[in-house]
Amino acid sequence: CFCSSSVQQEKLSWEGSSREVLLRKLESASKNHQVGEAWETFNDFQRLHGIPERHVVNRFITDLCYSAEPHWLQKACDLVLKIQKGKADLLQLDLLAKLSLSLARAQMPVPASMILRLMLGRENLPCSDLLLLVFVHMVKTEIGTCLASNFLIQLCDVFLHLSAEKSNGAELIKPDTMIFNLVLHACVRFGSSLKGQHIMELMSQTGVVADAHSIIILAQIHEMNCQRDELKKFKCYIDQLSTPFAHHYQQFYESLLSLHFKFDDIDAAGELILDMNRYREPLPNPKLRQDAQKPYLISIGSPNLRCGLKLQIMPELLEKDSILKMEGKQELVLFRNGKLLHSNRAMAKLINGYKKHGKNSELSWLLLSIKKEHHSFGESTLCSDVIDALIQLGFLEAAHDILDDMELAGHPMDSTTYKSLLTAYYKVKMFREAEALLKQMRKSCLVQNLSCEMVVSERFSEVADKSASFTDTSSLMDKSDLAESLIQEMREEAALSTIYKLNSSIYFFCKGKMIGDALKIYRRMQEMKIRPTVETFYYLVYGHSSLEMYRDITILWGDIKRNIESGVLAVSRDLYETLLLNFLQGGYFERVMEVIGYMKKQNMYVDKLMYKSEFLKHHKHLYRRLKVSNARTEAQSKRLVNVQAFRKWAGID
């Protein structure tokens, strides 16, 4: 007889059919949370009667979803994939959504992405809130981010396809801003900035509006990719925001200032620092935005391109209770007392840059402008700090130039600064300069603040002798924080700005499908012995791909391999992935297997499902029945071997 106890062994009753008994046994095991017993019973039922009815399948898989053990969650995924091949109509959307969330929560991103792609194949996805939760858990790891970003790319492709066909289902699967933000933020965390750029372009194509969080993430992506011109397009919209937004956009100014220094554009860096010091309105100005709900349009690439993309942004749209944890840098730009301020490191970079380019007068003008901006709400010590730092490091002439410029502008420094420079002149025995400074001080009526010993000429030699025991000027006083930052900046090797400028030009031409001009710059780089970067090759691959010039990409791959093998190029996953997709589209399977081999050597996770899908889209019936022995040429035979190798690797047929 049937027994409902979870302890006693059940026996089949001769009075009832095995089907009914197994169903009752499965129900009993499920009620008593005997997952192992339920699994065995379900398998027994399949062997005898096939897959049971929908409600039985859904209830059983739901029970597996509640398990905390990855072992049972994986079995649930395997079972779903098996049912999908035979009786896909048994699988309800709610069940698949629940399973994908359980897998993602258990940090099993690979099977979770399989279930997501299964739903996408049906052109049906769970509600946005549940889908967001799946992404939240997936992007916690690098592999999960790889899969989540690839799935988002595929999701956008399906959405654009349905939109082109004017399907009613398009809006049901359209990703929202929060999903884009999660994936883009994860791309920043795990260094996939080039893929992040691709996703940003999909954000534009799908018509998703970028909010305040999006703009910060995009700023970080542009900084990582050294795309200064792209980031500068946002500045005019950020500058007009009121004071409450200053704290949020600190990272934007950090990224932009960092790029100015990378490009060795000291004038632009100085202007940006001055902009940050300018007064901001405490409340939004209604005249600046007549319609706060209307987004701005930012061009991607050249704004003059007819085929160029436009990204919609709303800088004021800031979600307070966002699940995103924005972790930015505070190396160059600080937020203190409700204001954006430059750090000592930023000022050190600025001083070093002006000095290197012989622009002391421009530095003086900047210091004076900042001093004027601060005059209305308190005195700024920046001028004296800069002069003291220059004195401590022995740049006495530069310090003297700034003193003169300030005096000519009607903003002379106090006697302490003059005295520091005069003492430094005595110490290094620059008596002529000291005499000139002393006359200047007398003229400015500052001499009375000096001790008699410093004025009497007989004491010159005594001060000089006393100073002879010191090794450098900075020994006169403890180094200031700014002076320490300046020393560190001078010790660090400055990055070559040329490569960033050349890459920016290559990006511009590739976005405009002017591949000939892009290749001219690439050849110029080779002539100048400038090593190309990952960004260089990524933009060139993109440019060739947009024109379907797949054969030329194989030539680029040869250059990439030579740079890898010589140890001058560390290729990222982003570049490998775009190479794989392009070689698959072009049908270059030998190159496909080469790239997969390189990724395996570097222990990179390879998203097989994505490449399997791409293969089936373009080459589903390629060489399915042809054998190597029947190949007509040696080239066809070799290609067939590589196609078969890919099919085996991807698990096709």
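A: Start with the cysteines. The model is predicted, and in it the sulfur of Cys65 lies 10.0 Å from the closest cysteine sulfur, in Cys77, so the two are too far apart for a bond. A disulfide needs the two sulfur atoms within 2.5 Å.

Q: How many disulfides does a search of the whole structure find?

A: The search finds zero.

Q: Is Cys65 buried or exposed?

A: Buried means under 20% relative accessible area. Cys65 has 5%, so Cys65 is buried. Cys156 is buried as well, at 0%.

Q: Which residues of helix 4 are buried?

A: The general idea comes before the list. An α-helix has 3.6 residues a turn, so residues three or four places apart point the same way. In helix 4 the buried residues are Trp72, Leu73, Ala76, Cys77, Leu79, Val80 and Ile83. They lie on the same side of helix 4 because they cover an arc of only 165° around the axis.

Q: What do the buried residues of helix 4 pack against, and what does the face turned away from them carry?

A: The buried residues pack against helix 2 (35–49), helix 3 (54–65), helix 5 (93–105) and helix 6 (109–121). The face turned away carries the exposed residues Lys82, Lys85 and Gly86.

Q: How do I read the aromatic rings?

A: Look at the distance between ring centres and the angle between ring planes. The structure holds 16 aromatic pairs. One of them is Phe42 with Phe60, which is stacked, at 4.4 Å centre to centre and 10° between the planes. This pair links distant parts of the chain, with Phe42 in helix 2 and Phe60 in helix 3, 18 residues apart. Phe42 is buried at 1% relative accessibility, and Phe60 is buried at 2%. Trp39, Phe42, Phe60 and Trp72 form one aromatic cluster, and Trp72 is among the buried residues of helix 4.

Q: Which side chains make polar contacts with the side chain of Asn181?

A: The side chain of Asp211 does, at 3.2 Å, and so does that of Ser214, at 2.5 Å. Leaving out residues up to four places away in sequence, Asn181 also touches residues including Met203, His213, Ile217 and Leu324.

How values were computed
Residues are numbered from 1 along each chain as its sequence is written. This is a predicted model: local features need pLDDT of at least 70, side-chain atom pairs count only at pLDDT 80 or more; totals for chains, interfaces and linings use all residues. Side-chain values use heavy atoms; hydrogens and water are left out. Buried means under 20% relative accessible area, exposed over 50%, partly exposed in between (1.4 Å probe, protein chains only). Helices (H or I, at least four residues) and strands (E, at least two) are DSSP runs, numbered from the N terminus. The arc is that of the directions from the helix axis to the C-beta atoms. Contact means heavy atoms within 4.5 Å. A polar contact is a pair of N or O atoms within 3.5 Å; within protein, one must be able to donate a hydrogen and the other to accept it, and residues adjacent in sequence count only if both atoms are side-chain atoms. Rings of Phe, Tyr and Trp (its six-membered ring) pair if their centres lie within 6.5 Å; planes under 30 degrees apart count as stacked, over 60 as edge-to-face and the rest as tilted.
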